Amino acid sequence: RFRLLSARDAATTHAEARRRLEGLGVAVAPAGYTPGSGALTLACTADAHHAHCEEGVPASVRACRFRVEIGRPSVAHVEAGYGVLVELVLETGALASLKMIYVRLKQEWDLDSSPIRVEDSFSMRELEDGRFVEVVIEN
């Protein structure tokens, strides 16, 4: 399983994941819900072809079929500001091909960064011994 997080809503995340996968040459079937989990699932197929990696070197992509599950993240991720978890799960075919798709998708993935309001850009935390530490978050 390969995972990505999104700070956007499920509908936006679904639309962007679909658009970006199709941009990578992946065929994406209409979405459906996974029974019992409440996750939205995209059925995806990548056919064998030649792609160019970042260095411009040709790489063979073998066929694979996988699903993309769009659902709720863990409590820790929700507390950190992420509302949606995207998981790529191999069903059949080459794991190396799915990994290549994931790496290329991750390079373009910007749904995991949320705009930070000025008043939320820092916080004060008290340590056990009564001292305070300032945690600064920068864009």
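Trainee: How many helices and strands does the protein chain have?

Mentor: Three helices and ten strands. Helices (H or I, at least four residues) and strands (E, at least two) are DSSP runs, numbered from the N terminus. Along the sequence they follow the pattern β-α-β-β-β-β-β-β-α-β-α-β-β. This is a predicted model, in which local features need pLDDT of at least 70 and side-chain atom pairs count only at pLDDT 80 or more, while totals for chains, interfaces and linings use all residues. Residues are numbered from 1 along each chain as its sequence is written, and side-chain values use heavy atoms, with hydrogens and water left out.

Trainee: Why is the pair E16 and R20 called a salt bridge?

Mentor: The term requires a side-chain nitrogen of Lys or Arg within 4 Å of a carboxyl oxygen of Asp or Glu. For E16 and R20 the N to O distance is 2.9 Å, so the pair meets the definition. Both residues lie in helix α1 (residues 10–23), four residues apart, about one turn of the helix.

Trainee: What makes R20 buried?

Mentor: Buried means under 20% relative accessible area, exposed over 50%, and partly exposed in between (1.4 Å probe, protein chains only). R20 has 9%, so R20 is buried.

Trainee: How do you know that R65 and E91 form a salt bridge?

Mentor: Their closest N and O atoms are 3.5 Å apart, which is within the 4 Å limit, so the pair counts. R65 lies in strand β7 (residues 64–71) and E91 in strand β8 (residues 84–93), so the pair ties together parts that are 26 residues apart in sequence.

Trainee: Why are R65 and E91 called partly exposed?

Mentor: R65 has 42% relative accessibility and E91 has 38%. Each value falls between the two cut-offs, so each residue is partly exposed.

Trainee: Which residues are linked in a network of salt bridges?

Mentor: R1, R3, R65, R67, E69, E87 and E91. A search of the whole structure finds ten salt bridges.

Trainee: What share of the protein chain's contacts with a separation of 6 or more comes from residues 24 or more positions apart?

Mentor: They account for 54%, where contact means heavy atoms within 4.5 Å.

Trainee: What percentage of the residues in the protein chain is buried?

Mentor: Buried residues make up 30% of the 139 residues.
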